[in-house]
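Student: Please take me on a close look at one single part of this model. I'd like to start from one residue and then see what is built around it.

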Amino acid sequence: SSGINAEYGGPDGGISQMTLVGDVSKKTAVIVDDMADTCGTVLKASSLLRASGAASVEAFMTHGLLSGPAIDRINQDSSIDRFTVTDTVCQKQNIETCSKLHVVSVTELLASRISKLISFDR
């Protein structure tokens with residue numbers, strides 16, 4: 001088991017330091033987070049994992065805002081192999097320009113839960 005410790009407090013309010021704990025050499029590393037906006041943090045983590053010997057790196061984000069330079073960064077960054085987000089944010093344009101981007105639908109999950117809430121079947 002491995003993990004990344006990120007310390008915040010950089011000049012722009014972002015990450016000032018990132019440290020890998022554990023061994024990822026020759027393994028598939030998985031990054032999981034709730035949101036990806038410009039992708040600076042996730043790609044920094046991906047680069048650290050690759051530099052530490054990870055065979056591949058895959059990212060899974062619940063909400064892919066993917067604003068500003070995000071898609072260009074993902075496309076140009078060789079450290080990340082696959083970038084998966086849910087469809088809580090429309091990815092129609094992004095999916096056409098980024099072969100690393102994959103979208104998983106949460107429509108049925110949300111519809112089922114809303115239906116149970118409406119019918120008071122908790």
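Tutor: Let's start with His-63, which counts as partly exposed because its relative accessibility is 34%. For that scale, buried means under 20% relative accessible area, exposed means over 50%, and partly exposed is in between, using a 1.4 Å probe and protein chains only. Keep in mind that this is a predicted model, where local features need pLDDT of at least 70 and side-chain atom pairs count only at pLDDT 80 or more, while totals for chains, interfaces and linings use all residues. Residues are numbered from 1 along each chain as its sequence is written, and side-chain values use heavy atoms, with hydrogens and water left out.

So where does His-63 sit? You'll find His-63 in strand β4. Strands here are DSSP runs of E with at least two residues, helices are runs of H or I with at least four, and both are numbered from the N terminus. Leaving aside its neighbours within four places in sequence, His-63 touches Asp-34, Met-35, Ala-36, Thr-86 and Thr-88; a contact means heavy atoms within 4.5 Å. With one of these, Thr-88, the side chain of His-63 makes a side-chain to side-chain polar contact of 2.7 Å. A polar contact is a pair of N or O atoms within 3.5 Å; within protein, one must be able to donate a hydrogen and the other to accept it, and residues adjacent in sequence count only if both atoms are side-chain atoms. As for Val-21, 42 residues away along the chain from His-63, the two C-alpha atoms are separated by 26 Å.

Now step back to the sheet. β4 belongs to an open sheet of 4 strands, ordered β3-β4-β5-β6, with parallel pairing. The edges are β3 (28–36) and β6 (101–104), each with a single partner strand, so one side of each has no neighbour in the sheet. On average, neighbouring strands of this sheet are turned by 20° against each other, direction ignored. Strands pair if DSSP finds at least two bridges between them; β3 and β4 (residues 56–64) have 8, in the parallel sense.

Helix α1 (residues 40–51) lies across β3, β4 and β5 (82–86), and runs at about 165° to β4. Axes are lines fitted to C-alpha atoms, for helices over the stretch in contact, and angles run from 0 to 180 degrees between N-to-C directions. In α1, the buried residues are Val-42, Leu-43, Ala-45, Ser-46 and Leu-49. Looking down the axis of α1, these buried residues fall within an arc of 155°, so they line one face of the helix; the arc is that of the directions from the helix axis to the C-beta atoms. That buried set packs against β1 (3–8), β2 (15–21), β3, β4, α2 (70–76) and β5.

In the loop between β3 and α1 sits Cys-39, which has a positive phi of about 75° although it is not a glycine. Most residues other than glycine have a negative phi. Cys-39 is buried, as its relative accessible area is 4%. Just after α1, Gly-53 takes a positive phi of about 100°.

Two of the strands that α1 packs against, β1 and β2, run antiparallel and are joined by 6 bridges. There Glu-7 stands opposite Gln-17 in β2. The two strands form a hairpin with 6 residues between them, and Gly-9 in the turn has a positive phi of about 130°.

Of its 122 residues, 31% count as buried.
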